[in-house]
Amino acid sequence: QVQLVESGGGLVQAGGSLRLACAASGRTSSSRVFGWFRQAPGKEREFVASITWAGNSVNYVHSVAGRFTISRDNAKHTVYLQMNSLKPEDTAVYYCAAGNGGPRGPYDYWGQGTQVTVSS
């Protein structure tokens, strides 16, 4: 089992930045890929970014490429999502996930989510 706890969400104005963190515990070595997803009200959950635990492969959805950066700190068992130049359409609940599939899944473990709200 892997437990994931997200933090760092909040309210920010358009153009601002936030850094989300996903602290992993349990059998973290059993998961090869960590991802960030988001779900806006009335919309389906969508893939945002992923990174392998080895850190040698990252992927982004087109809409965040160049603005968001995913990274990991193996010693702290934490995955980060640095979000810059935020837009109102980035408003969503952001979820961290862990698994052994491809960049977009499937994922076996999910966090509880953290709310990101971007005001215009």
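The model is predicted. A search of the whole structure finds one disulfide. An open sheet of four strands is also present, with antiparallel pairing.

**The sheet**

- The four strands run in the order β1-β3-β8-β7.
- Strands β1 (2–7) and β7 (68–73) form the edges, and each pairs on one side only.
- From one strand to the next, the twist averages 15 degrees.
- Strand β3 covers residues 18–26, and strand β8 covers residues 78–83.
- These two strands pair in the antiparallel sense over six bridges.
- Within this part of the sheet, A21 stands opposite Y80 in β8.

**The disulfide**

- C22 and C96 are joined by a disulfide, with an S to S distance of 2.0 Å.
- The link connects distant parts of the chain, 74 residues apart.
- C22 sits in strand β3, while C96 sits in strand β9 (residues 92–99).
- Which hand does the disulfide of C22 and C96 have? The torsion about the S-S bond is about -75 degrees, so the disulfide is left-handed.
- C22 has 1% relative accessibility, so C22 counts as buried.
- C96 is buried too, because its relative accessible area is 0%, and buried means under 20%.

**Residue R38**

- R38 belongs to strand β4, which spans residues 33–39.
- Is R38 buried or exposed? R38 is buried, because its relative accessible area is 6% and the cut-off is under 20%.
- The R38 side chain makes a polar contact of 2.5 Å with the side chain of E46.
- A polar contact of 2.9 Å links the side chains of R38 and D90.
- Leaving aside residues up to four places away in sequence, R38 touches several others, including E44, R45, V48 and S63.
- Also among the residues touched by R38 are V64, F68, A92, V93 and Y94.

**Residue G10**

- G10 lies in strand β2, made of residues 10–13.
- G10 has a relative accessible area of 24%, so G10 is partly exposed.
- Which residues does G10 touch, not counting residues up to four places away in sequence? They are L18, Q115, V116 and T117.
- G10 and Q115 are 105 residues apart along the chain, yet their C-alpha atoms are separated by 6.2 Å.

Key
Residues are numbered from 1 along each chain as its sequence is written. This is a predicted model: local features need pLDDT of at least 70, side-chain atom pairs count only at pLDDT 80 or more; totals for chains, interfaces and linings use all residues. Side-chain values use heavy atoms; hydrogens and water are left out. Buried means under 20% relative accessible area, exposed over 50%, partly exposed in between (1.4 Å probe, protein chains only). Contact means heavy atoms within 4.5 Å. Two strands pair if DSSP finds at least two bridges between them. Axes are lines fitted to C-alpha atoms, for helices over the stretch in contact, and angles run from 0 to 180 degrees between N-to-C directions. A polar contact is a pair of N or O atoms within 3.5 Å; within protein, one must be able to donate a hydrogen and the other to accept it, and residues adjacent in sequence count only if both atoms are side-chain atoms. A disulfide is a pair of cysteine sulfur atoms within 2.5 Å.
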